[in-house]
Amino acid sequence: MIVITAPTGNIGRHLLPLLVEAAPAHGEELRVIVRDPARLPDAVRERVEVVAGSHGDADVVDRAFEGADAVFWLVPPDSSLSPEDAYRGFTGPAAKALVAHGVGHVVGVSTLGRGTPAADRAGLVTASHAMDDLIAGSGVAYRALANPSFFENLLEEAGSIREKGVFTDAVRADRKAPLVAVADIASVASGLLLERSWAGSDSVPVLGPQDLSPEDLARIMTEQLGRPVRYERRSFDELYAELIGYGLDAAFAQGVVDMKRAKDEGLDAGVARTPDTASPTTFEEWCARTLGPAVLS
């Protein structure tokens, strides 16, 4: 039995079909935790067991983890909370339920940067590593998917790219860093969940095929979209003010700013890309398949 949290989110909606297709051949049953079961596709809902509710709720995870062999764990950050509460606090009930039900393996969505000089002052990244430590401390075999920023973050900029030909961030224009497609993260998670020969606690970097800077992204978007796209850097103070204006908790907003500052200092550059840590989807492919339709529609 594999339990999938956040099955309708960015990663979960790619992971769930992979597992639904592969599970029968592996003798696995699937159970999902979802706030709104109606958001699951009909064809999927018929092939999984559904536990309705939040996986931050003790009663929900207690029901969902009963009889489970493996869990896919993803925290949907709650920007109304501090980073510590949003990650470690949310995960607390699940960590207890993992022990209570003897769950053997957990695959969690986490971040790069552990062991780097900025790791303890990287805001949301620091909080995600504390979450990893909590899960690993429960005694399960744990694999933290250590991810950089996602290509999909640029979908939040689709309107600005369409209307102004501009996307923004707070890092240097020439700061190269790994970037990854969420579908590639889902593929790695699926493999780990289905082939559970691993033990102990470790991280699994998922780095995409190459490092890219905002300048590189602008050039590729210009080529793929057939219209000029440029990058504008905003200050960390401007980013903080914007986040507060959106109604984020002040500590969470500061956590985002601290994460961006750490990334600008090279937080994501601490892991070498190898055949084992690279993932296949290029930014060009993702632009053609995903960003292009969002911008040009």
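Before I list partners: I call two strands paired if DSSP finds at least two bridges between them. This is a predicted model, and I read everything below with that in mind.

**Entry 1, the seven-stranded sheet.** I started with strand S2 (residues 30-34), which pairs with S3 in the parallel sense over four bridges. I looked up Val32, and its bridge partner in S3 is Val50. Then I traced the whole sheet: seven strands, open, in the order S3-S2-S1-S4-S5-S6-S10, with parallel pairing. Strand S3 (49-52) and strand S10 (201-205) are the edge strands, each pairing on one side only. I get an average twist of 20 degrees from one strand to the next. Helix H1 (residues 12-22) packs on this sheet, where I find it touching strand S1 (2-5), S2 and strand S4 (70-73). The direction of H1 makes about 160 degrees with that of S1.

What else does H1 cross, and at roughly what angle? I found helix H7 (residues 182-194): the two axes come within 8 Å and cross at roughly 35 degrees. H1 passes H7 in a right-handed crossing. From H1 the contact uses His14, Leu15, Leu18, Leu19 and Ala22, and from H7 it uses Val182, Ala183, Ala186, Ser187, Ala189, Ser190, Leu193 and Leu194. I sorted the residues of this contact by class and got 10 nonpolar, three polar and no charged.

Next I took helix H4 (residues 83-100) and helix H5 (residues 124-136), which pack at an angle of about 10 degrees with their axes 9 Å apart. Angles under 35 degrees count as roughly parallel, so I put H4 and H5 down as roughly parallel to each other. Their crossing is right-handed. On the H4 side the contact includes Pro83, Tyr87, Ala95 and Leu98, and on the H5 side Leu124, Met131, Leu134 and Ile135 are among the residues. Here the classes come out as 10 nonpolar, three polar and two charged.

Helix H9 (residues 236-245) and helix H10 (residues 250-264) have axes that come within 9 Å and cross at roughly 150 degrees. Parallel or antiparallel? The cut-off for roughly antiparallel is over 145, so H9 and H10 are roughly antiparallel to each other. H9 passes H10 in a right-handed crossing. I noted Phe236, Leu239, Tyr240, Leu243 and Ile244 on H9, meeting residues of H10 that include Ala253, Val256, Val257 and Arg261.

A second open sheet has three strands in the order S7-S9-S11, and its pairing is mixed. Strand S7 (149-150) and strand S11 (211-212) each have a single partner strand, so one side of each lacks a neighbour in the sheet. S7 pairs with strand S9 (residues 177-180) in the parallel sense over two bridges. I checked Phe150 and found it opposite Val180 in S9.

**Entry 6, aromatic pairs.** How many aromatic pairs are there? I counted five. Phe151 lies in the loop between S7 and helix H6 (158-164), Trp286 lies in helix H11 (residues 283-296), and the pair links distant parts of the chain, 135 residues apart.

Key:
Residues numbered from 1 in each chain as written. Predicted model: local features only at pLDDT ≥ 70, side-chain atom pairs only at ≥ 80, totals over all residues. Heavy atoms only, no water. Axes fitted to C-alpha atoms, helices over the stretch in contact; angles between N-to-C directions. Parallel < 35°, antiparallel > 145°, perpendicular 65-115°, else oblique. Left-handed = near helix turned anticlockwise from the far one by under 90°. Contact = heavy atoms within 4.5 Å. Nonpolar A, V, L, I, M, F, W, Y, C, P; charged D, E, K, R; others polar. Phe/Tyr/Trp six-rings, centres within 6.5 Å; stacked < 30°, edge-to-face > 60°.
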